[in-house]
Amino acid sequence: MAENEYVPLFETRQVKGPILFRCIAASILLGICLIVMYIIRYFSIGGKAERWTWIGLFLSELWFSFYWLLTTVCRWNAVIRIPFIHRLSQRFGKELPGIDIFVCTADPLLEPPSMVVNTVLSMMAYDYPPEKLSVYLSDDGGSNLTFYAMLEAANFSKTWLPFCKKFKVEPMSPEAYFRTASEPLNVEEWPSVKRLYEEMKMRIETTTKLNQIPQHVYKQHKGFREWNFVTSKHDHQTILQILIDGRDTNAVDIEGNPLPTLVYLAREKRPQYHHHFKAGAMNALIRISSRISNAPIILNVDCDMYSNNSESIKYSLCIFMDEEKGDEFGYVQFPQSFDNLTKNDIYGCSFRVIQKLEVKGLDANGGPCFIGTGCFHRREALCGKKYEKNFRFDLKKLNNTKVNERASLLEEICKVLASCTFEHNTTWRKEMGLIYGFPVEDIVTGLSVQCRGWKSVFLDPERDGFFGVAPITLLQLLVQHKRWTEGHLQVFLSKYCPLLYGYKKIPLNLRLAYCAYNLWAANCLATLYYVVVPCLCLLKGIKLFPKI
Ligand SMILES: O=c1ccn([C@@H]2O[C@H](COP(=O)(O)OP(=O)(O)O[C@H]3O[C@H](CO)[C@@H](O)[C@H](O)[C@H]3O)[C@@H](O)[C@H]2O)c(=O)[nH]1
Ligand SMILES: [Mn+2]
């Protein structure tokens, strides 16, 4: 291909049917206007009680109209992105950047180590050069059970990764794969790999149940000794173990191919210092990974979210590496899909409207929010760099920083980076890394990246990129919704309110779209009024509608 002949790595297409949508929206707008006119016209009819009910209903309706306007603005334009991965391979061949993958876990009881192991294995099994992949697990539970499970994962990966490569296994989580795939006829390895997996799972589950590491295992790895100094999960030193050192020529799978780097981290926790939940964990990971592998692209996932599509990394690189537009993008967000939904999804846990409709609208208006998981970040954008128009990133070059310290020395050096006091008097938490202080730290962080001038992209390939676990009982759902709505409202009332914070930084449409989420909780007032008051009026015999 000639040098000057630019062939894009992705294409942006308008979502079909905008005219139909706009006609419907226009008709709704007309309806709203007629209702408002009607209400104003009959305003002074009836007695005092009627009038006040009318005013209340009128205000609720105004609120609903306003909220409808916010969502319509967000949906007005919608785009989808189509990456061309064959062009990526053609153009860059093996010259691809490094990828650091962060997995966060917090509690071995709520997030069983056997599940975390599956997530980690699925991340290691991407169809990507293993020497360029590094997987970091942050364990905020500081649990030796999770650490043990990771050791098992490191060991099993030697069988699992070649198996995945050979048979193009998808999903790459062994649990999900063996649950969904039927046994192929002429694959000898299948039963033996399955057996190995089941034995490993059994060992992990037994250890978790007994809450004790068997003595012979304890002696196998120096890492376990760290727990001699752990008082509780809220009070311990940094534990950092490089379980697979990708630079080590002996770190190979059963077929002799290199393995991805695998690192276990339990950052320091002390009762007198706030740990800032997942945002704190992510920031520690960003610093530690910058010292160990320093990949220019970071993928982060929750520990319950396994990879379902082995090409996701390449899809996201099609965005970041596109010669013309790639440098504009700060992050690439995949949807959060779930594989535990009940048949009718009666509580709407899958967020279909948001994920299948609204995010595409956000994308057309400057970029989707960062939703905390399944997101590829440009490290520099996440670490506070402002977008500069003509600045070109050479992602391939950025990756050539192999450190040469021994693994054990590197572990010691990095421990400081995850200490409780490291961030004091620095710009971490404000300008660098994830922002603290909100239950929805991801939303604020995404907003601040966008306000530094970066755009973002939503990618939803035909085969889902990731599968996670959705809350499916009413109670779980209410807890999650309460946290999210509260968090969003908090953002709206803080200095990060998109209307002000994003002023002159991001398009008005995008700011309004953010507000639709931020004001989610505020809807409850109008809704409550609307469902309660008319019923009371009916009981009391107060006439709500004028006779015409
Ligand atoms: O102190 C903590 C608390 C949580 N987590 C991890 O954070 C992730 C998300 O927490 P979870 O309790 O599962 O929250 P969800 O409501 O399921 O999370 C959604 O909403 C969050 C807030 O918007 C985002 O951060 C998540 O990525 C998104 O999946 C999990 O992997 C946890 O292990 C930590 O690492 N440290
Ligand atoms: Mn979750």
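Around ligand 1 there are 21 residues, and the closest are Asp140, Lys278, Asp302, Glu441 and Arg483; a residue is near a molecule if one of its heavy atoms lies within 4 Å of it. This is a predicted model, in which local features need pLDDT of at least 70 and side-chain atom pairs count only at pLDDT 80 or more, whereas totals for chains, interfaces and linings use all residues; side-chain values use heavy atoms, with hydrogens and water left out. Residues are numbered from 1 along each chain as its sequence is written, and chains are lettered from A and ligands numbered from 1 in the order in which they are written.

**Ligand 1 and its shell**

- At least two shell residues each come from strand E3 (99-105), helix H9 (277-292), helix H14 (441-451) and helix H15 (474-493), and H15 gives the largest share, three residues; helices (H or I, at least four residues) and strands (E, at least two) are DSSP runs, numbered from the N terminus.

**Annotated positions**

- An unreviewed UniProt entry places the feature "binding site" at Lys278 and Asp302. These two span 25 residues in sequence, yet no two of their C-alpha atoms are more than 9.4 Å apart, so they gather at one spot. Lys278 has its place in helix H9.
- The unreviewed UniProt entry also gives "transmembrane region" at residues 19-40, 52-70 and 517-539; UniProt positions are in the numbering used here, feature names are shortened, and annotations may be inferred rather than shown by experiment.
- In the model, residues 52-70 are 100% helix and 0% strand, with end C-alpha atoms 27 Å apart, while residues 517-539 are 83% helix and 0% strand, with end C-alpha atoms 35 Å apart.

- Strand E6 (residues 261-266) is mostly covered, with six of its six residues buried, where buried means under 20% relative accessible area, exposed over 50%, and partly exposed in between (1.4 Å probe, protein chains only).
- In a regular strand the side chains alternate between the two faces of the sheet. In E6, Thr261, Val263 and Leu265 point one way and Leu262, Tyr264 and Ala266 the other way, all of them buried.
- E6 runs parallel to strand E4 (residues 133-139), to which five bridges join it, and Ser134 has Thr261 as its bridge partner in E6.
- E6 runs antiparallel to strand E5 (residues 239-244), again over five bridges, and Ile239 stands opposite Ala266; two strands pair if DSSP finds at least two bridges between them.

**The three-stranded open sheet**

- An open sheet of three strands with mixed pairing has the order E8-E13-E10. Strand E8 (306-307) and strand E10 (337-338) stand at the edges with a single partner strand each, so one side of each is left without a neighbour in the sheet.
- E10 and strand E13 (residues 466-468) pair in the parallel sense over two bridges, with Phe338 opposite Gly468 in E13.

**Backbone exceptions**

- Most residues other than glycine have a negative phi, and most peptide bonds are trans.
- The peptide bond from Glu170 to Pro171 is cis, with omega near -10°, and Pro171 lies in the loop between helix H5 (144-167) and helix H6 (174-180).
- Lys168, which is not a glycine, has a positive phi of about 45°; Lys168 lies in the loop between H5 and H6 and is exposed, with a relative accessible area of 68%.
- Asp345 also has a positive phi, near 45°, in the loop between E10 and helix H11 (352-364), but Asp345 counts as buried at 16% relative accessibility.
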